[in-house]
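Okay, thanks for coming, everyone.

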Amino acid sequence: MTLPAEFHDIAERVNNWGRWGADDEIGTLNLITDDVVRAAAAEVRTGRRVPLALPLREDGVQTGLIPGRVNPLHAMVQINQEIFGPGTVACSDDAVTMGLQAGTHWDALSHVSHSGRLYNGRPAATITAHGGAAFGGIDKAPHVVSRGVLLDVARARGVDRLAGGHAVTPEDLDAAEDLAGTRVRAGDVVLVRTGQIQVCLSGDRHGYGFPSPGLSVRTPEWFHARDVAAVANDTLTFEIFPPEIEDLWLPVHALHLVEMGMMQGQNWNLEKLSTACGETGRYAFLLSAMPEPFVGATGTPVAPVAVL
């Protein structure tokens with residue numbers, strides 16, 4: 001099915017192809033400069049650290065909806081083994097098989113294509129079965145340490161959790177920005193809280209994924225106008241699911257990853273951060289969310305930490 005004219009109109013307005021050169025593979029991460037990181041470090045007041053990742057476990061968030069995206073399968077490969085002989089130090093080792101986007105994760109720019117193209121106009125065919133992503137793999141993202149801003153849309157709208165059919169709009173982001181008492185600025189990593197992760201934490205994995213609140217197709221222009229470096233939220237699908245425009249599946253993915261070159265993250269647990277920000281009245285912090293550098297991968301697990 002051909003993407004509608006509405007999608008292409010937005011894509012033209014947010015497109016960053018060539019902005020950082022024809023060979024660029026990191027997109028809006030270019031906006032995280034030394035000055036941005038130095039200013040982000042100044043946001044630390046107490047040193048309070050808030051972890052934002054879900055545990056990696058065999059009964060994790062994946063339900064089989066996305067083929068091949070399996071929850072972590074953990075196995076012990078040696079247990080108290082004296083590998084250098086009897087009476088020597090004993091070792092225990094583990095191995096794991098999992099989908100790299102199974103839990104709390106970043107999507108690489110190569111995760112999504114449309115019209116046969118990846119970010120910066122590179123052919124989608126550069127992703128191969130044996131080599132993975134030759135262009136825009138997660139290993140090309142050198143660092144994600146910046147100023148983080150929590151846009152607590154649920155709190156701004158006076159609810160604990162947005163309804164499943166709620167498409168987060170630019171007006172919602174404005175309201176959450178007003179609540180935060182700070183303005184999103186160039187190089188920031190924005191965390192959008194809907195409260196949907198509560199469904200997952202309650203044990204309802206199917207209800208967590210569907211129906212789900214999420215970002216509207218109208219929001220990429222909001223992030224583009226503010227030169228945001230990356231966006232993550234507390235849902236399985238990131239954008240509203242089912243889609244707000246009938247039969248237009250994953251348009252926000254395509255606009256962020258392909259057109260803007262902006263990484264996005266899913267399954268981030270923002271509940272404790274919401275509490276901490278509400279208690280302190282401060283919604284900006286130093287965020288460390290370093291990707292695991294899997295060569296050629298289209299995504300990676302991440303264990304982000306907000307430092308207040």
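Let's start at a proline: Pro211 sits in the loop between α6 (205–209) and β10 (214–215). Helices here are DSSP runs of H or I with at least four residues, strands are runs of E with at least two, and both are numbered from the N terminus. The peptide bond from Phe210 to Pro211 is cis, with omega near -10 degrees.

Before I go on, the housekeeping. This is a predicted model, where local features need pLDDT of at least 70 and side-chain atom pairs count only at pLDDT 80 or more, while totals for chains, interfaces and linings use all residues. Residues are numbered from 1 along each chain as its sequence is written, and side-chain values use heavy atoms, with hydrogens and water left out.

Back to prolines. Phe241 and Pro242 are also joined by a cis peptide bond, with omega about 0 degrees, and Pro242 is in the loop between β11 and α8. That loop also holds Asp247, whose phi is positive, near 70 degrees. Asp247 is partly exposed, at 42% relative accessibility. For the cut-offs: buried is under 20% relative accessible area, exposed is over 50%, and partly exposed is in between, with a 1.4 Å probe and protein chains only. Another positive phi, near 55 degrees, turns up at Asp227, in the loop between α7 (220–225) and β11. As a reminder, most residues other than glycine have a negative phi, and most peptide bonds are trans.

One more from the loop between β11 (230–233) and α8 (251–260): Ile240. Is Ile240 buried or exposed? Ile240 is buried, at 8% relative accessible area.

Zooming out, the chain has nine helices and 15 strands. Of its 308 residues, 52% count as buried. The C-alpha atoms fill a box of roughly 70 × 50 × 40 Å along the principal axes.

Now, salt bridges. I'm calling it one when a side-chain nitrogen of Lys or Arg is within 4 Å of a carboxyl oxygen of Asp or Glu. By that rule we get 21 salt bridges.

Take Asp152 and Arg193, whose side chains meet at 2.7 Å, N to O. Asp152 lies in strand β7 (residues 145–152) and Arg193 in strand β9 (residues 189–193), so this pair ties together parts 41 residues apart in sequence. Asp152 is buried at 0% relative accessibility, and Arg193 is buried too, at 3%.

Next, Glu177 pairs with Arg226, with the closest N and O atoms 3.8 Å apart. Glu177 is in helix α4 (residues 170–180) and Arg226 is in the loop between α7 and β11, 49 residues apart. Here Glu177 is buried, at 4% relative accessible area, whereas Arg226 is partly exposed, at 24%.

And then there's Glu43 with Arg282, with closest N and O atoms 3.7 Å apart. That one links distant parts of the chain: Glu43 is in the loop between α2 (34–41) and β1 (49–51), Arg282 is in the loop between α9 (271–280) and β13 (284–288), and they are 239 residues apart. Glu43 counts as buried, at 12% relative accessibility.
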